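Here is a short note for a colleague opening this entry for the first time. Please keep the view open while reading the points below.

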Amino acid sequence: MCISIEYDSLTVGIIIMALLSAIFIGCWILKHFNRVANSAKSKENEAKHAEQFKVSVIIYSCYGCNMLKETLPLILSQDYDNYDVIVVDDNYEECTKDYLTDMMLKNKNLYFTNIPQGTLNLSRKKLALTLGIKAAQSEYVLLTESNCKVQSQKWISLMMQKCEPGVDIVIGNTSHIEETQNSVIKSYLNFDQIVAKVCYLSYALNGAAYRADCCNMVLRRNLFFEVKGFSATMNLHAGEDDLFIAQVAKNHSTKVQLAKDSQLLSYGTATSRALREYKLQHLFTGKGLHTFSKISVAMYLLFYWVLVFSIISGAVIYPMNIALWIFNFVVLLSVWITQIYAFDRAARVLCHKPFSFRIPFYTMVAPVYNAWYRIIGYKSRKSNYTYQRKRQK
């Protein structure tokens with residue numbers, strides 16, 4: 001049994017491929033995942049007694065009266081003096097109307113409106129946000145939804161402390177809470193979502209924002225009207241959280257807030273069906289994004305497969321070479337440890353459950369999964385356009 005590597009050209013090629021791939025993967029992971037994790041733990045995120053700009057919290061309500069009853073009181077009790085709340089109802093329940101009317105009598109800073117019934121051939125969420133932003137009188141608007149629960153009375157304060165002169169957008173985070181027992185498919189869908197989230201947050205932290213979380217985002221009101229709102233994407237159901245952001249975000253005008261108390265928890269949106277639709281939606285709108293991030297993620301997955309291929313090739317070609325086996329094992333183990341450490345660290349600060357030893361496997365199947373969803377997305381591409389909305393009876 002050989003205990004040393006035979007240094008022929010093929011062996012050297014395998015070693016170089018494995019080593020370069022491991023270095024690229026490690027650097028990519030540490031760069032993006034650590035950037036997000038470090039930002040969340042930065043002392044700059046701590047609440048400060050800065051100038052309080054007036055802000056209007058716009059709540060898109062489409063999840064029923066009971067969900068709104070749990071969310072609204074927490075928002076109305078925020079430790080921030082200069083704000084009002086505008087609820088845009090898209091549910092048409094008498095319970096919701098009665099509840100909001102009663103709450104308005106108790107809270108002078110609460111207002112509500114609703115989307116006209118029978119509104120067709122447009123994105124109802126974009127219409128709701130447009131109505132809310134038009135109704136607002138504040139310099140900034142803070143967007144959220146009725147199924148998103150705040151974790152602290154400092155939520156508004158933390159989001160608004162990033163609104164310095166020259167800042168147009170503050171990107172926050174919303175974590176989708178699983179209310180049912182986890183499955184392998186749902187677990188992978190959550191993994192895929194976190195990877196996408198870490199990428200766009202990392203690029204935003206580096207001054208190249210191309211996507212945001214519209215369930216937790218501050219926007220300068222005048223900027224919305226300067227670009228004519230969502231007019232560029234009114235023919236699409238989606239696009240308010242990526243195509244619109246890519247259009248308005250500038251290098252020094254976008255900030256990210258990831259303090260724990262600034263993050264929201266979203267309920268009822270972590271079902272497998274919802275996560276699949278979310279994936280297909282962003283695959284479609286992502287075609288209109290001309291960002292390096294897509295190339296970066298593709299390179300990461302490519303080098304991961306190159307690493308696996310080089311290790312398998314070495315094992316098949318030199319099955320008795322113990323030294324090569326040890327080298328490959330050390331390289332692969334190093335990559336896995338780096339992956340698990342960096343990914344789970346970022347997942348925890350973003351209020352998600354850790355994935356641990358599932359991460360290497362999920363990374364390997366990601367290209368196959370993405371290719372499959374691109375096929376599904378191509379077949380259902382017409383459903384992304386607003387003219388495909390069926391007339392409600």
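Where does Cys-351 lie? The first point takes this up. Note that the model is predicted.

1. **Cys-351.** This residue lies in the loop between α11 (322–349) and α12 (359–379). Cys-351 is partly exposed because its relative accessible area is 22%, and buried would require under 20%.

2. **Lys-228.** Here too phi is positive in a residue other than glycine, near 60°. Lys-228 sits in the loop between α7 (221–226) and α8 (243–248). Its relative accessibility is 67%, so Lys-228 counts as exposed. The cut-off for that class is over 50%.

3. **Aromatic pairs, Tyr-188 and Tyr-362.** How many aromatic pairs does a search of the whole structure find? The total is 23. Take Tyr-188 and Tyr-362: their ring centres are 5.3 Å apart and their planes stand at 85°, so this pair is edge-to-face. The cut-off for edge-to-face is over 60 degrees. Tyr-188 belongs to helix α6 (residues 184–205) and Tyr-362 to helix α12, so the pair ties together parts that are 174 residues apart in sequence. Are these two residues buried or exposed? Both Tyr-188 and Tyr-362 are buried.

4. **Phe-343 and Phe-355.** The planes of these two rings also meet at 85°, with centres 5.6 Å apart, so the pair is edge-to-face. Phe-343 is in helix α11, while Phe-355 is in the loop between α11 and α12, so the pair ties together parts that are 12 residues apart in sequence. Phe-343 and Phe-355 are both buried. The loop that holds Phe-355 also holds Cys-351.

5. **Charges over rings.** Two contacts are worth a look. The charged end of Lys-149 sits over the ring of Tyr-267, at 4.5 Å from the ring centre. Arg-381 places its charged end over the ring of Tyr-378, and here the distance to the centre is 4.0 Å.

Terms used
Residues are numbered from 1 along each chain as its sequence is written. This is a predicted model: local features need pLDDT of at least 70, side-chain atom pairs count only at pLDDT 80 or more; totals for chains, interfaces and linings use all residues. Side-chain values use heavy atoms; hydrogens and water are left out. Helices (H or I, at least four residues) and strands (E, at least two) are DSSP runs, numbered from the N terminus. Buried means under 20% relative accessible area, exposed over 50%, partly exposed in between (1.4 Å probe, protein chains only). Rings of Phe, Tyr and Trp (its six-membered ring) pair if their centres lie within 6.5 Å; planes under 30 degrees apart count as stacked, over 60 as edge-to-face and the rest as tilted. A charge sits over a ring if NZ of Lys or CZ of Arg is within 6 Å of the ring centre and within 35 degrees of the ring normal.
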